Amino acid sequence: MLSDIEQIKTQILEIHGQRVMLDCDLAKLYGVETSQLKRAVKRNIERFEGEDFMFELSHDELLRCQIGTSSWGGSRYGAFAFTELGVAMLSSVLRSPLAIAINRNIMRAFVEFRRVVNIARADNAISKDDLNALRQEINEYIDDILRDQNDINELIEAHLAVLDQTLAELQSTSRPPRRPVLGFRRPEDNK
């Protein structure tokens with residue numbers, strides 16, 4: 001089973017010579033519909049201007065990525081491809097606690113991806129021991145992130161439990177009957 005960051009790293013694609021994530025993958029991670037994510041982006045389009053933040057994929061690129069096809073075989077909507085800068089900008093558009101936590105992991109995945117590629121380019125040939133040490137370091141890093149995420153989840157669950165209890169208490173309290181308004185008759189009083 002892949003860790004969150006490892007799973008995110010598998011969703012980083014190279015398109016137009018840039019490492020990107022697609023809107024449908026980001027929407028799943030953020031727990032929103034793709035259309036909802038796109039609406040949020042379009043409402044704040046000035047934040048995403050320039051291909052170094054986001055670009056729309058053509059029909060052919062969609063087919064090569066094997067996404068966005070409808071039951072009749074064509075694509076209904078163009079997919080947005082977000083660069084690392086674009087994903088960072090999404091954090092200013094999607095502000096739920098889940099979106100913030102997921103955004104942190106996505107940024108970490110981009111950084112780890114870049115770091116591993118840079119190490120591979122610098123060494124051209126990584127020794128088996130170096131590769132194992134790097135894998136161990138990444139695993140420890142991911143474990144730390146997952147522990148932090150579990151702490152956040154437990155904190156959110158505790159807050160939700162308190163909120164549920166408070167709502168239940170508020171619903172169980174009965175209100176005193178209202179005084180009638182002088183001169184006003186309810187329809188059932190006319191019978």
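Predicted model: local features only at pLDDT ≥ 70, side-chain atom pairs only at ≥ 80, totals over all residues.
1. Overall fold. The protein contains 7 helices and 4 strands, and their order along the sequence is α-β-β-α-α-β-α-β-α-α-α. Buried residues account for 30% of the 191 residues in the protein. When contacts are taken between residues at least 6 apart in sequence, 66% of them join residues at least 24 apart.

2. Strands 1 and 2. Strand 1 (residues 13–15) and strand 2 (residues 18–22) run antiparallel and are joined by 3 bridges. These strands make a hairpin with 2 residues between them, and histidine 16, which lies in the turn, has a positive phi of about 55°.

3. Strands 2 and 4. Strand 2 is also joined to strand 4 by 3 bridges, and here again the two strands run antiparallel. Within this pairing, valine 20 stands opposite threonine 83 in strand 4.

4. Aromatic rings. A pair of aromatic rings is described by the distance of the centres and the angle of the planes. The protein has 2 aromatic pairs.

5. Phenylalanine 48 and phenylalanine 82 are both buried, and for phenylalanine 82 the relative accessibility is 0%. Phenylalanine 80 has a relative accessible area of 6% and is therefore buried, since the cut-off is under 20%. The ring of phenylalanine 80 also has a charged neighbour, because the charged end of lysine 38 sits over this ring at 5.1 Å from its centre, inside the limit of 6 Å.

6. The largest nonpolar core. This core has 29 residues, of which Leu26, Tyr30, Phe82 and Ile106 touch the most other members. At least two residues of the core come from each of helix 1 (4–10), helix 2 (23–30), helix 3, strand 4, helix 5 (84–93), helix 6 (97–123) and helix 7. Helix 6 gives the largest share, with 6 residues. Isoleucine 106, with its neighbours within four places in sequence left aside, is in contact with Ile8, Met21, Leu26, Leu29, Tyr30 and Val87. Another core, of 9 residues, lies apart from the largest one and has Ile15, Leu22, Cys24 and Leu57 among its members.

7. Helix 7. The 45 residues of helix 7 (residues 128–172) should span 66 Å at 1.5 Å a residue, and the end C-alpha atoms are 65 Å apart, which agrees. The buried residues of this helix are Leu134, Ile138, Ile142, Ile145 and Gln149. As background to that list, an α-helix has 3.6 residues a turn, so residues three or four places apart point the same way.

8. Glutamine 149. Glutamine 149 is found in helix 7, and its relative accessibility of 13% is under the cut-off of 20%, so glutamine 149 counts as buried. Between C-alpha atoms, glutamine 149 and alanine 101 are 7.5 Å apart in space, although 48 residues separate them in sequence. Apart from its neighbours within four places in sequence, glutamine 149 is in contact with Asp4, Ile102 and Asn105.

9. Lysine 9. Lysine 9 lies in helix 1, and its relative accessible area of 15% is again under 20%, so lysine 9 is buried. With its neighbours within four places in sequence left aside, lysine 9 is in contact with Ala109, Glu112 and Phe113.

Note on methods: Residues numbered from 1 in each chain as written. Heavy atoms only, no water. Phe/Tyr/Trp six-rings, centres within 6.5 Å; stacked < 30°, edge-to-face > 60°. Buried < 20%, exposed > 50% of the residue type's maximum accessible area, 1.4 Å probe, protein only. Lys NZ or Arg CZ within 6 Å of the ring centre and 35° of its normal. Pairing = 2+ DSSP bridges. Expected span 1.5 Å × (residues − 1). Core = buried A, V, L, I, M, F, W, Y, C linked by side-chain atoms within 4.5 Å. Contact = heavy atoms within 4.5 Å.
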